[in-house]
Amino acid sequence: MDIVEEAAAGGVGARVVPAAEWEREPHPSDSLRTFGAVVQALREHAGLSRAEFAARVRFSKHTVESVELGRRMPDEAFVEPAEEATGNTGALRKAARHLSRGEVGLAAWFRRWARLEREAVSLCTYECRLVPGLLQSEAYARAVFEGTIPLRTDEELEAQLTARMDRQRMMREQPTVPFSFIVEEHVFRRRFGDAEAMRELLDHVLERSAPRNVTLQVVPLGSGLHACLDGPVQVLETPEGRRLGYSEGQENGRLISDPKQVSVLCHRYETLRSQALNPKDSRDLLERLRGEL
């Protein structure tokens, strides 16, 4: 039977989880679907199309559709104008208090790590395959998901995209948590879409990595072999001071809780940090790449 290691929420060891428990993709949470159905019913009762309703709540038609289908957690700024547009019944305000985000759109093997990310006091990410999810532009993330095999339905793709964009909010909402990224230069050179899409990606990365608590370092093409050739890795520190690691491959991910293994990952990451370009030179490189487009 296939198994995966998953650290216990407050323990030091790891437990074995049957594949049947971790391979399933979750459905949208009941609360999100119920809230979305209420929004749609009130909107239709008010005689508003999605486009008209979107204009009144000052969100895109796509966002309104995602909320109504239970794929997206509505922003706080959505609820009040939605109430006003549907007659101030109070139903949406009350229902919004009971919303549960769920884990729609997250790969089964990534869910545990995603929960730990939200509580981490520091997060380090090394990536050699693609732009880290926390730094991806929406167009880049969409292109990644559209190229996934097996192909996803439109609904599944939109759920994945929404989850990816929602994950990025934690960087804005946690300005005192240090986020460190080390990314191979070739990742930023890999083309997708047209030149405008590439410029948008680089602009997005530069914007997301600009705050003082975010550090981005690029490993240049000419740097040669280095300490993290075994593949992508992430390391975080919990509020209790524990360090955990995560590695991911084809259709699988592994949460690493053994202190000795995590220590090795941290040592590799710190070594690579000294081998990569410093943050200023890394930003200069990305700006040069943008100028070449």
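Let's start with a pair of helices: α8 (residues 138-146) and α9 (residues 154-173) pack at an angle of about 140°, their axes 10 Å apart. That angle makes α8 oblique to α9 (under 35 degrees is roughly parallel, over 145 roughly antiparallel, 65 to 115 roughly perpendicular, and the rest oblique). On the α8 side, Glu 138, Ala 141, Arg 142, Phe 145 and Glu 146 meet Leu 157, Glu 158, Gln 160, Leu 161, Arg 164 and Met 165 of α9, where contact means heavy atoms within 4.5 Å.

A word on the source: this is a predicted model, with local features needing pLDDT of at least 70 and side-chain atom pairs counting only at pLDDT 80 or more, while totals for chains, interfaces and linings use all residues. Residues are numbered from 1 along each chain as its sequence is written, and side-chain values use heavy atoms, leaving out hydrogens and water.

A second pair can be set beside that one. Helices α11 and α13 are roughly antiparallel to each other. Their contact is made by Arg 199, Leu 202, Asp 203, Val 205 and Leu 206 of α11 with Arg 283, Leu 286, Glu 287, Leu 289 and Arg 290 of α13.

| Helix pair | Angle between axes | Axis distance |
|---|---|---|
| α8 and α9 | about 140° | 10 Å |
| α11 (residues 195-208) and α13 (residues 279-291) | about 160° | 9 Å |

Now for the chain as a whole. There are 13 helices and eight strands, taken as DSSP runs numbered from the N terminus (H or I, at least four residues, for helices; E, at least two, for strands). Of the 293 residues in the chain, 47% are buried, meaning under 20% relative accessible area with a 1.4 Å probe, counting protein chains only. Among contacts with a separation of 6 or more, 71% are between residues 24 or more positions apart.

Leaving aside residues up to four places away in sequence, Val 187 touches Glu 127, Cys 128, Arg 129, Leu 130 and Val 131.

Last stop, helix α3 (residues 50-57): its buried residues are Arg 50, Phe 53, Ala 54 and Val 57. They cover an arc of only 105° around the axis, so they lie on the same side of α3. After α3 comes Arg 58, with a positive phi near 65°.

Technical notes
Axes fitted to C-alpha atoms, helices over the stretch in contact; angles between N-to-C directions. Buried < 20%, exposed > 50% of the residue type's maximum accessible area, 1.4 Å probe, protein only. Arc of directions from axis to C-beta.
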